[in-house]
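I'm opening my notebook on a new structure today.

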Amino acid sequence: MNAQIRNVLPATVALPVPSALVVDANELHLASVMKMLARAGADRVKGVHAGAVGIDALRGEDWGMVFVDLDLPDVTGMQLIDLLADRGSKAAVVIMSNHPCRILHAASCHATARGLNVVAALRKPLDAMLVQDLLEEQAIRAAQAPQAARPEEPSMHGFSAEELRRALLSHQIKPYFQPQHDVLTGALRGAEVLARWHHPSGRVLGPHAFLPAFERAGMMDCLTQYMLSSAFEVMAMDGHGAGRVVAVNVPASVACSVQWAQSVADLAQVAGVDPSQLIIEITEDGGAACNAALSGVVAQLRLRGFQCAIDDFGTGDSSLDRLMRAPFNEIKINRGMIMQAREHVHARSVLASIIAMGRQLVATVVAEGIEDQEDLAMVRNLGCHVTQGYLHARPMSRAAYMRYVLRSDNA
């Protein structure tokens, strides 16, 4: 084990290497993987080359690690994955296959979605050093688990409608800003406005903690109106700057009529805001039932001078239909697609196709989730126009964003 890995562990903790089950149709490869595990220090290794025997082994006991071959002759590795998930297994799962990477990736996504701890999805044959690394990673996690344990915080999802109304009326929910930058020049383009709840408990809650409560209470339209008003107020008071934009998320279920679109235009006029500086980001909810209405909504917004983005393109069930029906002039690619494109060639090809399609439609293409220079180089080379993510900055308060704007102007 290298010195870096050793230094992560407390000096008094021996490396606990988990028991491992290997289910592999190829007996020669099975024997090779078992030998790798034994040499790496696994205290107990069991190998089987048939899926039915693997099922018995999985039902018989809990394993620290499970190596699953997708290419079994009697049952597929997918069925073993489902069995592990049905049992609520906490094992570290390694998926193996001779099939193309896209099938491995799909199997990994399925297993993760079912709650399994997938630590690797690998083409066969496995490399001995890689197996050693996998075992060491699991040993480190096991050694650190007691230190990482924290008492669970009480759930913050059971908000009442009255609490939500109070949060809006007393301005506990505040607009935060995440900057967007031009890919080629690096210039500040503007920011997306995101909701943060400064809860009376003292915590600042992100949308994942309270949006479900607003949805259950039927109050998403109230929250959307509040965020639009907050954005307009900031734009009007702070002289946001010529050409800089503010993007606001709007659920498709809220953007449901031409009348709603006109109400946004009226609100902007009263606030004295240039509509061309506002981007309405329609989120991927509502399903196909919303698409017919969205064509009118987006057309009305565009006629009134607003920009309109289709948010999280490719993650919903109706992206292409929406794009064909409604005159969006911006396509926003979410963080998940960027993450997959980092690791998988086929995901990078999908990303390249979306960016190329956006450019052909003369739409601005915005990539979220840009975390490092490699991400930036990838989307720049593929032709993306605008980036947003931790590489530039995390979401920040209004005051912090104004300082960010000033620094950008003076850079």
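**Before starting**

I am working with a predicted model, so I note that local features need pLDDT of at least 70, side-chain atom pairs count only at pLDDT 80 or more, and totals for chains, interfaces and linings use all residues. Residues are numbered from 1 along each chain as its sequence is written, and side-chain values use heavy atoms, with hydrogens and water left out.

**Entry 1: the largest pocket**

I began with empty space. Rolling a probe the size of a water molecule over the atoms shows where such space is left. My search used a 1 Å grid over the protein atoms alone, and a pocket is an open set of points where a 1.4 Å probe fits, with protein on both sides within 12 Å along at least five of seven lines. The largest pocket holds about 1,000 Å³, a volume being the space filled by probe spheres set on the points, which are joined across faces, edges and corners.

Which residues lie nearest its centre? I found Glu192, Leu194, Pro207, Leu211 and Asn249 there, among 38 lining residues (a lining residue has an atom within 4 Å of a point). Elements giving two or more residues to this lining include β7 (188-198), α8 (207-216) and α13 (335-343). Strand β7 gives the most, with five residues. I took helices (H or I, at least four residues) and strands (E, at least two) as DSSP runs, numbered from the N terminus.

By class, I noted 14 nonpolar, 12 polar and 12 charged residues in the lining. Here Ala, Val, Leu, Ile, Met, Phe, Trp, Tyr, Cys and Pro count as nonpolar, Asp, Glu, Lys and Arg as charged, and the others, Gly among them, as polar.

**Entry 2: salt bridges**

My search of the whole structure gave 14 salt bridges (a side-chain nitrogen of Lys or Arg within 4 Å of a carboxyl oxygen of Asp or Glu). I looked up two of them.

Lys332 pairs with Glu192, with the closest N and O atoms 2.8 Å apart. Lys332 lies in strand β12 (residues 330-333) and Glu192 in β7, so this pair ties together parts 140 residues apart in sequence. Are the two buried or exposed? Both Lys332 and Glu192 are buried (buried is under 20% relative accessible area, exposed over 50%, partly exposed in between, with a 1.4 Å probe and protein chains only). I also saw that Glu192, Glu281, Lys332 and Glu368 are linked in a salt-bridge network.

Asp86 pairs with Arg114, again with the closest N and O atoms 2.8 Å apart. Asp86 sits in helix α4 (residues 77-86) and Arg114 in the loop between α5 (101-113) and β5 (117-123), so parts 28 residues apart in sequence are tied together. Asp86 is exposed at 56% relative accessible area, while Arg114 is partly exposed at 35%.

**Entry 3: helix α10**

In α10 (residues 258-271) I found Trp260, Ala261, Val264, Ala265 and Ala268 buried. Down the axis, the buried residues fall within an arc of 145°, so they line one face of the helix (the arc is that of the directions from the axis to the C-beta atoms). An α-helix has 3.6 residues a turn, so residues three or four places apart point the same way. On the other side of α10, Gln259, Gln269 and Val270 are exposed. Gly272 follows α10, with a positive phi near 75°.

**Entry 4: a loop glycine**

Last, I checked Gly158, in the loop between α6 (128-148) and α7 (161-169). Gly158 is exposed, at 67% relative accessibility. From Gly158 to Ala209 is 51 residues in sequence and 9.5 Å in space, C-alpha to C-alpha.
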